[in-house]
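Please look over the strand pairings and surface spots of this model. The report below takes them in turn.

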Amino acid sequence: MAVRIGELLLKEQRITAAQLEEALEHQKSNGGKLGYNLVKLGFAKDEEIASLLSRQYGVPSINLSQFDIDADVIKVVPAATAQKYEIVPVSRVGATLTIAMSDPTNVFAVDDIKFMTGYQVEPVVASQTAIVEAIDRYYGNGDGAAEKNVSESQMELASKALEGMPQISDDDVQVLEEMEEVDVLSFEKQGGEAPVVRLVNVVLASAIQKGASDIHIEPYEKEYRIRFRIDGTLYNVMVPPLKFRDAITSRLKIMAKLDIAEKRLPQDGRFKLRLSADGGTKEIDFRVSCLPTLFGEKIVMRLLDKDKLMLDMTKLGFEPESLSRFEEAIARPWGLVLVTGPTGCGKTNTLYSAIAKINSPTTNIITAEDPVEFNMAGVNQVQMRDNIGLNFAAALRSFLRQDPDIILVGEIRDFETAEMAIKAALTGHLVLSTLHTNDAPSTINRLMNMGIEPFLVASSVNLIAAQRLVRRVCTNCSEEQPTAAPALEEIGFTAQDAATVVPIKGAGCETCNDIGYKGRIALYEVMEVNDDLREMILVGASTLELRRSAIEHGMLTLRASGLRKIAAGQTSVEEVLKETVK
């Protein structure tokens with residue numbers, strides 16, 4: 001086995017022949033597996049060894065530092081047995097006990113644990129270093145054998161891992177929208193194998209528990225990687241063996257009602273899961289996108305959790321004066337209200353909050369969305385279908401014959417959609433929509449660049465709100481980050497504020513997975529189009545001139561909104577600098 005690992009590392013040019021020779025000599029003197037010695041000498045990373053072991057044995061790899069193993073599961077295997085065989089029990093589902101081990105071919109260990117516990121044993125592979133750390137973490141130092149193999153830096157690394165995956169059974173996860181019969185039997189059989197189903201269920205349930213917004217499943221030449229996007233940042237969570245690639249892809253395609261035989265073209269679908277957890281049930285929508293890449297199909301799933309849809313506008317991040325302007329604009333009987341910003345900045349949440357605020361039995365609200373992300377009671381929502389000609393412009397034409405009071409257009413992408421939205425706004429309808437622009441003032445010029453006449457823009461647009469999302473500092477581990485007044489003045493604080501403001505940062509704790517941030521909050525730049533701005537638009541004023549005038553009339557810029565949240569202890573200086581410009 002040692003030579004095999006060495007050969008694989010050499011073949012992939014991850015170590016040199018001299019490093020291998022040195023590691024083998026170190027192994028002879030100090031014992032332990034070759035992978036452990038390579039990590040100890042700094043020639044290889046722990047994740048590389050786990051990935052190699054996974055490929056070598058054809059068994060899924062696991063990052064034990066990212067698991068929070070239940071105490072009842074740990075009790076199944078005594079400490080002496082765990083240390084003797086260097087194994088850690090990970091989860092128990094029904095009559096099956098999953099154990100992490102560095103050598104899944106050790107039949108003596110597997111048989112012993114089967115006999116001792118009475119469970120069927122299913123091994124997953126982890127590096128020796130990770131297993132020793134886990135034994136020390138869950139069973140304590142004992143006789144000190146585990147402790148001497150764990151360096152302080154490794155323990156520090158383990159402490160910074162994400163929160164653990166949930167323990168679930170097949171009955172806990174239920175696909176609510178089953179796929180119709182599939183003719184390609186080989187792929188259906190491959191995607192329906194029990195181990196693959198369990199693996200996919202664990203990944204989906206883990207993403208829900210950790211509060212992920214997206215799941216990325218990515219195939220590479222020598223690696224298969226699963227990542228979660230949590231609070232806007234991607235984190236590695238699992239490295240399944242490459243041989244599971246097609247089976248996992250097929251399983252997810254079956255769930256999303258996609259063509260599992262088509263591997264050359266991008267596909268989009270969705271499915272809904274009901275997850276049983278903590279004595280209750282939770283329904284989550286998954287939006288699935290398949291993209292053919294060089295080494296297989298990459299799958300990205302967007303999680304749409306109704307429970308996390310923030311419809312209370314006072315909690316989104318609006319400053320009081322900005323919120324007052326926004327609420328006044330959406331209360332008007334006609335006109336165009338635009339929310340702008342890059343993809344993933346929370347525009348949809350803001351629009352849904354606005355709709356929830358003004359929705360009543362006396363109003364007829366129609367939306368055109370691509371896709372419809374959340375179902376809202378009392379709102380007529382239309383899914384766009386470009387393949388049959390149902391785009392935003394076509395939907396808007398139809399909406400005007402449906403006696404609407406309020407129209408929501410998912411996105412203004414082209415001249416035709418912009419023209420129809422402005423026409424609707426000028427004929428007695430309140431129109432809400434989004435645009436991809438950097439800030440509020442530049443939206444005016446963006447509309448005119450699309451071909452809209454200045455007089456139409458000036459007379460139709462009531463308000464533009466630009467927004468960004470920044471991470472909230474974890475309230476459980478926040479601490480002051482004293483910063484010199486000149487540095488605070490440099491980022492935009494006044495001299496008076498710079499003398500009193502003390503920024504905060506997160507030290508990292510279990511609550512936030514040692515990241516220092518938990519959740520996100522929006523920064524808003526709300527520009528009300530008043531008479532002065534209308535006159536400037538008519539004479540072709542530049543974005544800079546519009547911005548200057550809007551600030552004079554009380555507009556808070558994105559940077560100013562960020563500075564207020566720094567002063568209020570909601571986010572850090574680094575987050576605001578990352579998302580805004582002075």
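Strand S1 (residues 87-93) pairs with S2 in the antiparallel sense, over 6 bridges. Pairing here requires that DSSP finds at least two bridges between two strands. Helices (H or I, at least four residues) and strands (E, at least two) are DSSP runs, numbered from the N terminus. The model is predicted: local features need pLDDT of at least 70, side-chain atom pairs count only at pLDDT 80 or more, and totals for chains, interfaces and linings use all residues. Residues are numbered from 1 along each chain as its sequence is written, and side-chain values use heavy atoms, with hydrogens and water left out.

Val88 stands opposite Ala100 in S2. S1 and S2 form a hairpin, with 2 residues between them. In the turn, Gly94 has a positive phi of about 65°. Strand S2 (residues 96-101) is mostly covered, with 5 of its 6 residues buried. Buried means under 20% relative accessible area, exposed means over 50%, and partly exposed lies in between (1.4 Å probe, protein chains only).

S2 also pairs with strand S3 (residues 120-125): the two run parallel and are joined by 6 bridges. Met101 has Val125 of S3 as its bridge partner. From S2 the chain crosses through helix H7 (residues 107-117) to S3, in a right-handed β-α-β crossover. Right-handed means that, with the strands pointing away from the viewer, the path from the first strand over the helix to the second runs clockwise.

Next, the open sheet. Its 7 strands follow the order S13-S12-S14-S15-S11-S16-S19, with mixed pairing. Strand S13 (380-383) and strand S19 (517-528) stand at the edges; each has a single partner strand, so one side of each is left without a neighbour in the sheet. Neighbouring strands of this sheet are turned by 20° against each other on average, direction ignored. Axes are lines fitted to C-alpha atoms, for helices over the stretch in contact, and angles run from 0 to 180 degrees between N-to-C directions.

Strand S14 (residues 406-409) has parallel pairings with strand S12 (residues 365-369), over 4 bridges, and with strand S15 (residues 430-435), also over 4 bridges. Some bridge partners are listed here.

| Residue | Bridge partner | Strand of partner |
|---|---|---|
| Thr367 | Leu408 | S14 |
| Ile366 | Ile407 | S14 |
| Ile406 | Leu430 | S15 |

The chain crosses from S14 through helix H16 (residues 415-426) to S15, and this β-α-β crossover is right-handed. Which way do the side chains of S14 point? Ile406 and Leu408 point one way, Ile407 and Val409 the other way, and all are buried. In a regular strand the side chains alternate between the two faces of the sheet.

Now the loops. Tyr220 sits between strand S5 (214-219) and strand S6 (224-230). Tyr220 counts as partly exposed because its relative accessibility is 35%. Met310 lies in the loop between strand S10 (296-305) and helix H13 (320-330). Met310 counts as partly exposed because its relative accessibility is 33%.
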